[in-house]
Amino acid sequence: MRILVVDDDPSARQLVELILRSGGHQITTATDGVQALEIARREPPELVISDILMPHMDGYQLCRLWKDDERLSQIPLAFYTASYVDPADERFASGLGADAFWRKPMEAGELLAAVDALIGSPAQVRQPEYEDEAVVLQEYNARLVEKLEDKARNLEIANAELRETQEALAREVTVKTQLLEELAADVLVRQQAESDLRRERDFTRGVLEVADMFICILDAARRVTLFSTGAERITGMSAESVLGADAMDVLIPEGARSNLVSELASPSPGRVLRQELDVLTAAGDVRTIECAVMWGTDEDGQPAGWNIFGVDVTERRRLERLREEFVQIVSHELRTPLTSIAGFAQLLGQLTPERLEEQAPVIVERLRENTDRMRALVEELLEVNDIAASGVSLSPRAVDLGDTVERAAQSVFRGHDHPLTIEVSPDMPRVVCDAESIGRVVTNLVDNAVKYSPEGGAITVRVATEGDEAIIAVADEGIGISECDRPSIFEPFRQADMSSTREFEGIGLGLYIVREIVMAHGGRIEVVSEPGVGSTFTVRLPLEHT
């Protein structure tokens with residue numbers, strides 16, 4: 001049986017290797033998860049036995065990647081650990097898909113029997129139980145925090161023992177030369193303290209390297225003394241560029257500094273301040289961190305800085321705002337036709353028989369228009385739901401793109417204030433695409449050109465080729481799009497004007513649908529716009545599909 005043994009402790013690794021070799025097994029060893037994956041992918045073993053607490057990549061991370069690897073996921077993985085021995089650690093390992101969880105130390109015969117039992121089990125190799133990445137990260141962080149707390153308790157015990165030793169040495173000053181004993185005690189205390197600090201620093205560094213959290217520690221002058229790997233990933237700033245700097249200057253947006261300074265001005269050791277903190281990134285953006293701020297203390301119990309621990313909730317808050325905007329927009333767009341329908345229905349019921357024949361056709365036409373408006377809104381919402389669930393369905397064939405675009409553009413109601421010009425390149429080749437979907441793209445773009453040109457203006461549609469692409473460009477002379485709004489106009493439920501008093505109707509799905517259709521064709525869409533001058537939307541479709 002080929003067995004891969006993973007442990008960063010040479011003595012523990014050699015002991016396990018000797019025991020397994022005595023059972024007739026072939027052994028390969030690795031010092032951490034990274035090396036184990038390299039060896040296993042080069043020459044897969046039949047079983048892997050791994051420690052959990054290791055540098056570079058610990059056992060939990062190794063198990064997750066192992067179970068995600070197609071070649072390795074069917075090979076059983078067992079944990080053999082002396083550090084992670086709590087039931088909660090075993091439950092988390094089981095949730096990650098570990099096939100066995102053994103606690104060090106085990107007698108040689110007991111370990112060999114456990115290996116034979118695992119190898120001889122007819123049951124299938126276990127698969128991960130966790131599906132939610134957030135749950136995995138939360139439990140992983142909980143395991144790490146628990147070990148940190150264990151280390152802190154052990155450090156307190158060690159400090160107590162050190163104090164007892166110091167007192168014992170003090171009692172011996174009557175028999176030995178006081179000066180020599182004091183010097184010896186001081187050296188001993190210093191060495192032990194440095195050793196403890198080194199071990200604590202190494203362990204903390206390992207945690208900071210793997211935890212995907214914003215961890216920042218400030219001294220009493222608000223200078224950054226620690227900046228975690230997770231904080232580097234969130235902000236895009238290196239620890240070297242931040243360490244020693246005033247956190248208010250490099251991390252906090254100018255508008256939020258005064259409030260934060262006032263909140264930190266009255267330290268309260270032991271109290272945890274929970275709040276959302278806006279943090280600058282290297283690119284000049286702002287990320288929202290949901291954090292806990294704890295006041296640090298020195299050896300005398302006096303305030304000595306701040307410890308900030310948090311997670312990035314920027315995307316969560318963006319989705320929450322998007323949901324609120326969606327509810328507001330859809331509510332507004334549904335309420336308007338519903339109000340009209342209710343009003344016309346009430347008016348219809350109040351008409352006298354003499355006026356009924358004259359007024360009824362007009363009222364019915366208004367009811368139909370508002371009903372059609374609501375139907376179109378619901379169908380648009382259902383279409384977006386279908387796209388999100390299964391993508392855009394296409395039936396591509398070679399078509400005359402110029403004819404397809406012209407018929408779609410001409411079908412849009414424009415009125416006399418929006419003259420339409422359609423320019424089709426005379427040597428335009430046939431293009432493989434879904435004609436109905438591309439027609440929908442053109443209809444939406446021309447309809448937007450009319451809608452966002454309230455003062456009128458020409459609309460130009462151009463069909464041509466550029467390199468290996470077919471292009472459809474729709475240009476208007478409307479209000480244009482501001483630079484800050486352009487990045488979000490293709491998101492669902494977004495319009496250039498998202499205020500509650502916005503001038504233009506619609507729920508902001510047209511450009512989202514356009515983009516999804518174009519992307520389904522393997523193409524892309526671009527926009528060039530200048531406020532007050534107009535906008536040009538250019539659809540680019542690959543010609544190699546023809």
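This is a predicted model: local features need pLDDT of at least 70, side-chain atom pairs count only at pLDDT 80 or more; totals for chains, interfaces and linings use all residues.
## Cysteines

C433 is buried, and its relative accessible area is 0%. C291 has a relative accessibility of 5%; because the cut-off for buried is under 20%, C291 counts as buried too.

## The largest nonpolar core

Which residues touch the most other members of the largest nonpolar core? They are L401, L445, V461, I472, F537 and V539, out of 40 residues in that core. Several elements supply at least two residues each: the helices α14 (401-410), α15 (435-451) and α16 (510-520), together with the strands β13 (431-433), β14 (459-466), β15 (469-475) and β17 (534-542). The most comes from α15, which gives eight residues.

Setting aside neighbours within four places in sequence, I472 is in contact with L401, V405, I438, V442, V461, R462, F537, T538 and V539. Apart from this core lies another one, made of 28 residues and including F79, L96, A98 and Y140.

## Helix α3

In α3, which spans residues 59-68, the buried residues are G59, Y60, L62, C63, W66 and K67. Viewed down the axis of α3, these buried residues fall within an arc of 160°, so they line one face of the helix.

How values were computed: Residues are numbered from 1 along each chain as its sequence is written. Side-chain values use heavy atoms; hydrogens and water are left out. A nonpolar core is a set of buried Ala, Val, Leu, Ile, Met, Phe, Trp, Tyr and Cys residues joined through side-chain atoms within 4.5 Å. Buried means under 20% relative accessible area, exposed over 50%, partly exposed in between (1.4 Å probe, protein chains only). Helices (H or I, at least four residues) and strands (E, at least two) are DSSP runs, numbered from the N terminus. Contact means heavy atoms within 4.5 Å. The arc is that of the directions from the helix axis to the C-beta atoms.
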